[in-house]
Amino acid sequence: MAESQLLQTAREQALALENVVNQVVVGQKEAVRLILIALHARGHVLLEGGVGVGKTTLLRTFSKALGGAFGRIEGSVDLMPNDLLYSAWVNAEGKPVIDPGPLINHGAETAVFFFNEINRARPQVQSLLLRAMAERSVEAFGKEYRFPHMVVFADRNAVEKEETFELSAAARDRFLFEINISSPTDDVIRRQLIFDPAFHDVDQLLNTIGEPLLDYQQLNALDHDIQRSIFVSPEIENYVVRLWDASWTPHELGIEMPDIYVEDLVVAGASVRGMSAMVRAAKVAAWLDGRDHVLPDDIHTVLLPSMTHRVFLSPVYEGRREQIMPQFVRALRDHIATP
């Protein structure tokens, strides 16, 4: 009973945080809910979206509402792995000075770390970040730096293709979700963002958040409690396995898509890690909706962001990934019978 009350209080706090974030970053309710799920499922996130749609503001808002530190680095072709760990410069007296880099600067207080335009960084830099994501620690200055509460967010430069290094299949699989952050379509919200001075000063917007609404240091233990407390029925288990099979061999299950030869569409489907992560996220979605069991709707909530970056398409279709993957996931959802 005590654990149930603890989870209920935590859910109320999570929903209060969601409400505050939606007041600061308007027009992104779906993305806000998915990021909230990722934070509670302790999963890292790839962000998709154009320039100036509010990705950094969104992450800074979550970081402040969690009470943790926010770290950030910009990807570039000349960025080296050590640039994540330290920066060296010469002071006014001509003496060399070495400062901690953005990845370790806040240490264990880091709640959110944002790697902007990760595909502009060389594979060696990406590899160091991936190791830090997996182990939540790095070695620098002869000692180990740990950030047990850190969730990494990364976005890609999808416009400029010169001097970019796309993430490998294994690298993409390390991320729980790929979430699209797009410009709002609601006319009232669009006008609000353009013409309301309140949304022109990000720092002033963030100052509207007073005390943290969640304690980022408690999220690891909270995730453990959620995963143990939310029930997945055998019927839902079978449904998830059928979705997994369909991600590999959709043609064998009779899935069809307009203007696409489905038999040649997929090179590799979702991984074991990917499906396990999706179930973890679905449990958090169920918990946020006040239930102690997972429904098909919870699977559907996290299906596209969990799978869109994990299904690898043949070269003839890869160039149209952004258009094809939503259609493909909808086809899986509509074709596979729900329990």
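## Contacts, cores, sheets and rings

Tutor: Leaving aside neighbours within four places in sequence, Phe-153 is in contact with Ile-35, Leu-39, Val-45, Leu-47, Leu-59, Val-112, Phe-113, Phe-114 and Phe-115. Contact means heavy atoms within 4.5 Å. The model is predicted, and local features need pLDDT of at least 70, side-chain atom pairs count only at pLDDT 80 or more, and totals for chains, interfaces and linings use all residues. Residues are numbered from 1 along each chain as its sequence is written, and side-chain values use heavy atoms, with hydrogens and water left out.

Student: Which residues touch the most other members of the largest nonpolar core?

Tutor: Phe-153, Phe-177 and Trp-287 do, in a core of 81 residues. A nonpolar core is a set of buried Ala, Val, Leu, Ile, Met, Phe, Trp, Tyr and Cys residues joined through side-chain atoms within 4.5 Å. Helix α11 (residues 272-288) gives the largest share of this core, 10 residues. Helices are DSSP runs of H or I with at least four residues, strands are runs of E with at least two, and both are numbered from the N terminus. A second, separate core has 27 residues, among them Leu-46, Phe-115, Val-138 and Val-152.

Student: Why would such side chains be found together?

Tutor: In soluble globular proteins, nonpolar side chains tend to be buried together.

Student: What makes α9 and α11 roughly perpendicular?

Tutor: Helix α9 (residues 219-229) and α11 pack at an angle of about 90 degrees, with their axes 9 Å apart. Axes are lines fitted to C-alpha atoms, for helices over the stretch in contact, and angles run from 0 to 180 degrees between N-to-C directions. Angles under 35 degrees count as roughly parallel, over 145 as roughly antiparallel, 65 to 115 as roughly perpendicular and the rest as oblique. The two helices are therefore roughly perpendicular. On the α9 side the contact is made by Leu-222, Asp-223, Ile-226 and Gln-227, and on the α11 side by Arg-280, Lys-283, Val-284 and Trp-287.

Student: How do you know that β5 and β8 pair?

Tutor: Two strands pair if DSSP finds at least two bridges between them. Four bridges join β5 (residues 110-116) to β8 (residues 151-155), and the two run parallel. In one of these bridges, Phe-115 has Ala-154 in β8 as its partner. β2 and β5 also pair in the parallel sense, over six bridges.

Student: What is the order of the five strands in the open sheet?

Tutor: The order is β2-β5-β8-β1-β9, with parallel pairing. β2 (69-74) and β9 (177-180) each have a single partner strand, so they stand at the edges, and one side of each is left without a neighbour in the sheet. The twist averages 20 degrees from one strand to the next.

Student: What lies between β6 and β7?

Tutor: Two residues lie between β6 and β7, which form a hairpin. β6 and β7 pair in the antiparallel sense over four bridges, and Val-138 has Tyr-145 in β7 as its bridge partner. Phe-141 in the turn has a positive phi of about 55 degrees. Most residues other than glycine have a negative phi. Arg-136, in the loop between α5 (123-135) and β6, also has a positive phi, of about 50 degrees, although it is not a glycine.

Student: Why is the pair of Tyr-86 and Phe-141 called tilted?

Tutor: Rings of Phe, Tyr and Trp (its six-membered ring) pair if their centres lie within 6.5 Å; planes under 30 degrees apart count as stacked, over 60 as edge-to-face and the rest as tilted. By this rule there are two aromatic pairs. Tyr-86 and Phe-141 are 6.1 Å apart centre to centre, with 55 degrees between the planes, and so form a tilted pair. They are 55 residues apart, with Tyr-86 in strand β3 (residues 86-90) and Phe-141 in the loop between β6 (137-140) and β7 (143-146). The other pair is Phe-141 and Tyr-145, with centres 6.4 Å apart and planes at 70 degrees, so this pair is edge-to-face. Tyr-86, Phe-141 and Tyr-145 form one aromatic cluster.

Student: Is Tyr-145 buried or exposed?

Tutor: Buried means under 20% relative accessible area, exposed over 50%, partly exposed in between (1.4 Å probe, protein chains only). Tyr-145 has 16% relative accessibility and therefore counts as buried. Tyr-86, at 31%, is partly exposed, and so is Phe-141, at 43%. Arg-136, at 15%, is buried.
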